[in-house]
Amino acid sequence: MVGGGPHQRVACSHRLCVDIIHFVEAEPFVGVVIDSLGTEVFGVDRIALAVLYSLDTFPYAEETAGGIPSGCRGAFIDLGGSVIPYLEHVWGPFDETLKAMTPKEFFEEILVRQCDARVICVGDDFHFGKDRAGNIDVLQKLAEEAGITCIVVKKKKMYNEIISSTRIREALAKGNLTLANELLGMPYMVQGEVIHGNEIGRTLDMPTANQIPDARKILPPFGVYASKVSVDGMEYYGVTNLGVKPTIPGENQVGVETCLLQFDGDLYGKIIQVEFCSFLRGERKFAGLEQLMHQMEADKKNAGLFFGQ
């Protein structure tokens, strides 16, 4: 991953290097792009590496771990039943040098020299280069001259509307996880290290796994969610609180606290993935810890009912 510095060069020694270009704001579309490749484009055994090239142009983004955006982690290229995970992620800061590049310079320097692309996959409204001068026609011409395959993915629709990052953000803002997850093509999730919190949950006999989401991450409304937690190759049901814990005195930063149902163990320092499945209730301030404890018990019960327990 590169953020704010030179782009990372990807040495592609495999038979086929697929370069998927997108903007951070369009992170959700990566799954759509992948789903559109299919066996009619590539033979399953030909893809050895997928390079995800991100242009960080917006003041918010998915947090990363291991160089892979959390919104794409767990996503795979699915070709005829075989899956190839993203192996490389190149993070391109949208700095003055990049802004000044002509379409040809961007193509030759970034895609050819630094990414070593053999196949380029973009959306049908993709523009690149200074003043957005490069479009699909320009890219296809440059790719043809360089002997590189260029694949243009058409926008997909769901419920008679185009799948867009705007629709996804609106669904998240309303707490409509069902729609947001359908549009994303994968569950909305937070992935990160479990850190030490104020351990209020432990004193209430309801320990939680605490995470701090990246400040730029697009979040659904503060509140309580039924969730699924993946850790060490296992999956557990849980109930997750997203917010600032208004019942707890002091200024609390935005956090994700998850109580795993039917789990007993130490998660500190582990990387866990929390999928938000269903909005249960909004965040609220309680009169005290006893009232909070009773509500947390009710939240656990409601999350269990959601999962049929």
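How many aromatic pairs does the structure hold? In this predicted model, the structure holds 8 aromatic pairs.

## Aromatic pairs

A pair of aromatic rings is described by the distance of the centres and the angle of the planes. Phenylalanine 126 and phenylalanine 128 have ring centres 5.5 Å apart and planes at 15°, and because planes under 30 degrees apart count as stacked, this pair is stacked. Phenylalanine 126 is buried, with a relative accessibility of 7%, and phenylalanine 128 is likewise buried, with a relative accessible area of 4%.

Tyrosine 188 and phenylalanine 276 also form an aromatic pair, in this case edge-to-face, with 5.5 Å from centre to centre and 85° between the planes. Tyrosine 188 lies in the loop between helix H6 (177-184) and strand S12 (189-193), whereas phenylalanine 276 belongs to strand S17 (residues 271-282), so the pair ties together parts that are 88 residues apart in sequence. Tyrosine 188 counts as buried at 4% relative accessibility, and phenylalanine 276 counts as buried at 1%. These two residues, together with Tyr225 and Phe279, form one aromatic cluster.

Strands of a sheet pair through backbone hydrogen bonds, either parallel or antiparallel. Here, 6 strands form an open sheet in the order S12-S17-S14-S15-S16-S13, with antiparallel pairing. The edge strands are S12 and strand S13 (209-211), each of which pairs on one side only, and the twist averages 30° from one strand to the next.

Helix H8 (residues 289-306) lies across strand S14 (223-231), strand S15 (234-243), S16 and S17, and runs at about 100° to S17.

## The loop between S16 and S17

Aspartate 266 is found in the loop that lies between S16 and S17, and with a relative accessible area of 54% it is exposed, because a value over 50% counts as exposed. A polar atom of the aspartate 266 side chain lies 3.0 Å from the backbone nitrogen of tyrosine 268. Aspartate 266 and alanine 209 are 57 residues apart in sequence, while their C-alpha atoms are 9.1 Å apart in space.

Key: Residues numbered from 1 in each chain as written. Predicted model: local features only at pLDDT ≥ 70, side-chain atom pairs only at ≥ 80, totals over all residues. Heavy atoms only, no water. Phe/Tyr/Trp six-rings, centres within 6.5 Å; stacked < 30°, edge-to-face > 60°. Buried < 20%, exposed > 50% of the residue type's maximum accessible area, 1.4 Å probe, protein only. Helix = DSSP H or I, 4+ residues; strand = E, 2+ residues; numbered from the N terminus. Pairing = 2+ DSSP bridges. Axes fitted to C-alpha atoms, helices over the stretch in contact; angles between N-to-C directions. Contact = heavy atoms within 4.5 Å. Polar contact = N/O pair within 3.5 Å; in protein donor to acceptor, adjacent residues only side chain to side chain.
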